[in-house]
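Trainee: Could we go through this model together, starting with its surface and then its aromatic rings?

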Amino acid sequence: MADKQYDWAAIAKNPKFVELHRKKTTFLIGWWVFSTVFYFLLPIGAAYAPGLFKIKILGNINFGYLFALSQFFVSWGIAMYYAHVANKDFDRLTRELVDELK
């Protein structure tokens with residue numbers, strides 16, 4: 001099987017590649033900003049709003065514990081959402097681009 005040579009500069013200018021790159025960049029930067037802010041709300045909230053984090057919710061479980069635990073669920077949710085978007089949009093755009101380059 002012979003190696004096919006690609007014109008990477010032309011691929012980078014291809015409208016489908018540009019759209020794929022724009023969509024992925026927008027998605028990833030947006031969720032990165034959200035997750036970073038959400039992550040740092042825990043130590044900032046614990047330092048500057050300790051009363052809020054001490055509010056008892058259920059027995060010995062307080063808001064601080066629930067907020068810390070929520071970070072796992074938010075991370076998993078973002079990962080599942082990324083997989084959904086990647087399967088629906090990013091993979092479709094990639095297939096279209098690859099088919100066009102064949």
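This is a predicted model: local features need pLDDT of at least 70, side-chain atom pairs count only at pLDDT 80 or more; totals for chains, interfaces and linings use all residues.

Trainee: Which element supplies the largest share of the nonpolar patch?

Mentor: The patch covers about 1100 Å², and its members include Leu 52, Ile 57, Tyr 65 and Trp 76. Both β1 (56-58) and α4 (63-101) supply at least two of its residues. The largest share, six residues, comes from α4.

Trainee: Is Ile 57 buried, partly exposed or exposed?

Mentor: Ile 57 sits in strand β1 and is one of the patch residues. Buried would need under 20% relative accessible area, and exposed over 50%. Ile 57 has 47% relative accessibility, so this residue counts as partly exposed.

Trainee: On to the rings: what kind of aromatic pair do Tyr 6 and Trp 8 form?

Mentor: The structure holds 16 aromatic pairs. For Tyr 6 and Trp 8, the rings are 5.5 Å centre to centre, with 50° between the planes. Planes under 30 degrees apart would be stacked and over 60 edge-to-face, so the rest count as tilted. The pair of Tyr 6 and Trp 8 is therefore tilted.

Trainee: Tyr 82 and Phe 90 also form a tilted pair; is Phe 90 buried or exposed?

Mentor: Those two rings lie 5.9 Å centre to centre, and ring pairs link both into a cluster with others, among them Phe 27 and Trp 31. Tyr 82 is partly exposed, at 29% relative accessible area. Phe 90 has 4% relative accessibility, and the cut-off for buried is under 20%, so Phe 90 counts as buried.

Notes:
Residues are numbered from 1 along each chain as its sequence is written. Side-chain values use heavy atoms; hydrogens and water are left out. Patches are made of residues with over 30% relative accessible area and no salt bridge: like charges are joined within 9 Å, nonpolar side chains (Val, Leu, Ile, Met, Phe, Trp, Tyr) within 5 Å. Accessible areas come from the Shrake-Rupley method with a 1.4 Å probe; for residues, only the protein chains shown count as cover. A salt bridge is a side-chain nitrogen of Lys or Arg within 4 Å of a carboxyl oxygen of Asp or Glu. Helices (H or I, at least four residues) and strands (E, at least two) are DSSP runs, numbered from the N terminus. Buried means under 20% relative accessible area, exposed over 50%, partly exposed in between (1.4 Å probe, protein chains only). Rings of Phe, Tyr and Trp (its six-membered ring) pair if their centres lie within 6.5 Å; planes under 30 degrees apart count as stacked, over 60 as edge-to-face and the rest as tilted.
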